[in-house]
Amino acid sequence: MPGAAMLRFSFQQLLKFILLLFAVSIVVFVLVSASPVDPIQANVGQTAYINMSEAKRAQLAEYWGTNTPLIERYLNWFGAVLHGDLGTSLRYNAPVAQVIGQRFATSAILLALAWTISGIIGFCLGIAAAVCKDHWPDRCIKAYCFLLASTPTFWLALIFLTVFSVLLGWFPLGFSQPIGLAAGQVSIFDTIHHAVLPALTLSIIGVANIALHTREKTIDVLQSDYVRLARSRGEGTASIIRRHGLRNIALPAVTLQLAAISEIIGGSVLVEQVFSYPGLGQAAVTAGLGSDVALLAAIALFSAALVFVGNLAANLLYGLVDPRIRRTRLKGRRFGRSPRKIEDSADGA
Amino acid sequence: MVPKRRATAGMLNSKTLFNGHRAAGDYDTGMNILHQPLINNTGNRLRTLVTLTITSIILISIVIAGIYLYGTAMHTDFAAKSLGPSLTNPFGSDWMGRNMLIRTVAGLATSILVGLLAATVSAAIAFILGATAALGGKKADAAITWLIDLMLGVPHIVLLILISFAIGRGFWGITIGVALTHWPSLARVIRAEILQCQESNFVACARQLGRRPLQIARDHMLPYVFPQLLVGLILLFPHAILHEAALTFLGFGLSPEQPSIGIILSESMGHLSAGMWWLALFPGLALILVVLLFDRAGSLLRRLIDPYRSQE
């Protein structure tokens, strides 16, 4: 990529990113402000609220800014965020940035495991299905994917918890570490042992998407002219997949998987709740149920940023690998149907 | 037909790259896997129609039975508490002696009704925004495309938590939340369909023959887009129902007095470690069954009204 175009592209993406976060922050703020939940009542509790003096209530209202107009509150909050101050979490009684940091560190293991496992298994299943197209392995894999697409994540988590933790006792019942140990005593084995079952649940749900798309892509590749040529040269299926297939199939799969980060984060909210896993998803639920406005807003922004980075990585990777897309993008024709036509005709459709 | 389907196959991988339009019925939220037909070998339209009718009858009976049993679902019988599944009581009973089969059916009916309301509103939003994007000029298109990207940029559950937090919990909170978040994928499809229709030869021909834009919209575009909208609406149901259950499960949705699968499953959490596995297993399976039925109904209907797929 020439330097100037690269610079322009980075600048565009940066601008897009800022605009997105800005828009998300406004939406989040308006939604949070529209809430019928009274932050004072929600946070001091019913009994304390009733017994509280009028002056104390006014003081708390002042503290939480319930009487300040929406725009002013937004500007205050936004200004603070620009200075790196995300506010204080009411539920965890700590700076929001610190809570998110800790929680994300716990979630990251889970998300990374689930993301990798679902990607690899889905990819292999997709290729296997395509190679055996219309035979029983293909039918089984397809049926499995369709069934999974209809399965509620949290229900699968419950079933896994019942079977593997309650009945078989292979895995702990929840949390990210053994109970009653100091931070220094927790080994890496403990951490992984606690993350396996939630990660497995997440990956099993995540497999469906990538498997079905890899299957389609592999079928396309197997029907292409160059595969026909390879077959006529006498190459076997395994060799064709390895030498001609993987290169064409793997990168779309990685891109798809990068773009699926949003799904995995969404799923992690549910799974963490079932397994009492103290990650970002559980924090989102706690914040939402407990009217922890600052934390909820920050989690929404943070997850939007993660999704954006995933999509951006997918975009860059695609351009990096497929010169046809890079060229059209540099010409400034990112929109419309032109890149697609190029790809379609190149596929020999 | 063949090139059209081929085009859809790999393109989802690059969904973030292109805003170019997609082939019919191709939703790209990453959840689109629900929407492909399960079987490809039924060529008989009559058989398709019969299957569709049976599927619809099952779904409608669940709703009617659920509404009828709504009161009974709350009935507690402490003499029969914590019973495992048996022939007379196939789903077992919970720690308050409530019949789980009745609770499940009532819960499914609630879910279907929430889904019906939310999906219909969502489809209406999708149609209005999709049509505006396609017909309203460049600025409207850019604005709506950006709005769609914005909606898809925040994880769905997080967005639902935010909206439910804003509106308040309960029936309306969850219905509005689900309605407001499920339109982007369908709006993209509608936009693409209208753009495709606009470029088609028959519309160009009508234009040359002097038909007015409104006449073209009524006579050519509406019949072209309506089937897609209808199928899209039905295929929104599974997502709507699953999200309703998920959100209720987390505690943002329906209140504990209302029978719903989300409540049943979240209440079962406290009793699973006591070995009452039936509290979670059967209601969940029933939910999956309903989702599959809706998905089946959607793909059957598409096969009936979409000429490109009628041969499948």
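1. Ser164(B) belongs to helix 5 of chain B, residues 156-167. Leaving aside residues up to four places away in sequence, its contacts are Arg169(B), Gly173(B), Ile174(B), Gly177(B), Leu247(B), Phe252(B) and Gly253(B). Take Ile174(B): it sits 10 residues from Ser164(B) along the chain, and the two C-alpha atoms are 6.1 Å apart.

2. Turn to chain A. Its secondary structure amounts to 16 helices and 2 strands. Of its 349 residues, 39% are buried. Among contacts with a separation of 6 or more, 73% join residues 24 or more positions apart.

3. Helix 8 of chain A covers residues 153-167. Its 15 residues should span 21 Å at 1.5 Å a residue, and the end C-alpha atoms are 20 Å apart, so the two values agree. There is a bend of about 25 degrees at Leu161(A).

4. Leu161(A) is also one of the buried residues of helix 8. After the helix comes Gly169(A), with a positive phi near 70 degrees.

5. A word on confidence. The mean pLDDT of chain A is 77, and 80% of the residues score at least 70. Residues 331-349 of chain A fall below 50, yet this stretch has 27 contacts in the model beyond near neighbours in sequence. Where pLDDT is low, predicted coordinates should not be read in detail.

Key: Residues are numbered from 1 along each chain as its sequence is written. Chains are lettered from A and ligands numbered from 1 in the order in which they are written. This is a predicted model: local features need pLDDT of at least 70, side-chain atom pairs count only at pLDDT 80 or more; totals for chains, interfaces and linings use all residues. Helices (H or I, at least four residues) and strands (E, at least two) are DSSP runs, numbered from the N terminus. The expected span of a helix is 1.5 Å times one less than its number of residues. The bend at a residue is the angle between axes fitted to the seven residues ending there and the seven starting there. A residue is buried if 20 or more other C-beta atoms lie within 10 Å of its own, exposed if 12 or fewer, and partly exposed in between; C-beta atoms are placed from the backbone. Two residues are in contact if their C-beta atoms, placed from the backbone, lie within 7 Å. pLDDT is the predictor's confidence in each residue, from 0 to 100.
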